[in-house]
Amino acid sequence: GMLGVELVELRQDWCVLELEVHPRHCNRRGTLHGGMISALLDAGCVYAAITLNDESALAGGATVMLSVNFTSEAQSGTRIRVEALVERRGRGITFCSGRLLGPEGDLIAASHCAVKVYRAPE
């Protein structure tokens, strides 16, 4: 898409996204914007939550809660990676965690996300 996010891996309860960080993704300090970090973690968590099997049948989903801890920065010109994992599936809400990693595997941000999953029609 326009933002340049690549879907690298998608299977039940797991999603990996990658992004080459460009100036358009950055704040005035030249580091990856917090809103962009939040959006990436949100997207990864939602994908993990709505992937109901490894044949990539997707349900619908909507984020009901997202919390993000910002621990480091990502510079323009680096490649970052989101790894998102389902922690627990409830009846209506699925709980996920996400990590945004820098090029050396360093932690840039971590998230917890609750996703309302709408089952796909059978």
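Leu 7 has a relative accessible area of 45%, which makes the residue partly exposed. In this predicted model, Leu 7 lies in strand 1, which covers residues 6–11.

Together with Tyr 47 and Leu 58, Leu 7 makes a nonpolar surface patch of about 250 Å².

## Order of elements

The protein chain contains six strands and one helix. Read from the N terminus, the order of the elements is β-β-α-β-β-β-β.

## Helix 1

Helix 1 spans residues 34–50, 17 residues in total. From its first C-alpha to its last, helix 1 reaches 24 Å, close to the 24 Å expected at 1.5 Å a residue.

Buried positions of helix 1 include Met 36, Ile 37, Leu 40, Leu 41, Gly 44, Val 46 and Ile 50. Ser 38, Cys 45, Ala 48 and Ala 49 are also among the buried residues of the helix. The buried residues of helix 1 pack against strand 2 (14–20), strand 3 (60–70), strand 4 (79–89), strand 5 (93–101) and strand 6 (107–118).

## The chain as a whole

A compact globule of 122 residues would have a radius of gyration near 14 Å, and the protein chain agrees with this, at 14 Å. The C-alpha trace spans about 45 × 25 × 25 Å along its principal axes.

Of the 122 residues, 38% count as buried. The accessible surface of the chain comes to about 6700 Å², and carbon and sulfur atoms account for 52% of that surface. Among contacts with a separation of 6 or more, 62% join residues 24 or more positions apart.

Technical notes:
Residues are numbered from 1 along each chain as its sequence is written. This is a predicted model: local features need pLDDT of at least 70, side-chain atom pairs count only at pLDDT 80 or more; totals for chains, interfaces and linings use all residues. Side-chain values use heavy atoms; hydrogens and water are left out. Patches are made of residues with over 30% relative accessible area and no salt bridge: like charges are joined within 9 Å, nonpolar side chains (Val, Leu, Ile, Met, Phe, Trp, Tyr) within 5 Å. Accessible areas come from the Shrake-Rupley method with a 1.4 Å probe; for residues, only the protein chains shown count as cover. A salt bridge is a side-chain nitrogen of Lys or Arg within 4 Å of a carboxyl oxygen of Asp or Glu. Helices (H or I, at least four residues) and strands (E, at least two) are DSSP runs, numbered from the N terminus. Buried means under 20% relative accessible area, exposed over 50%, partly exposed in between (1.4 Å probe, protein chains only). The expected span of a helix is 1.5 Å times one less than its number of residues. Contact means heavy atoms within 4.5 Å. The radius of gyration is taken over C-alpha atoms; the globule rule is 2.2 Å times the number of residues to the power 0.38.
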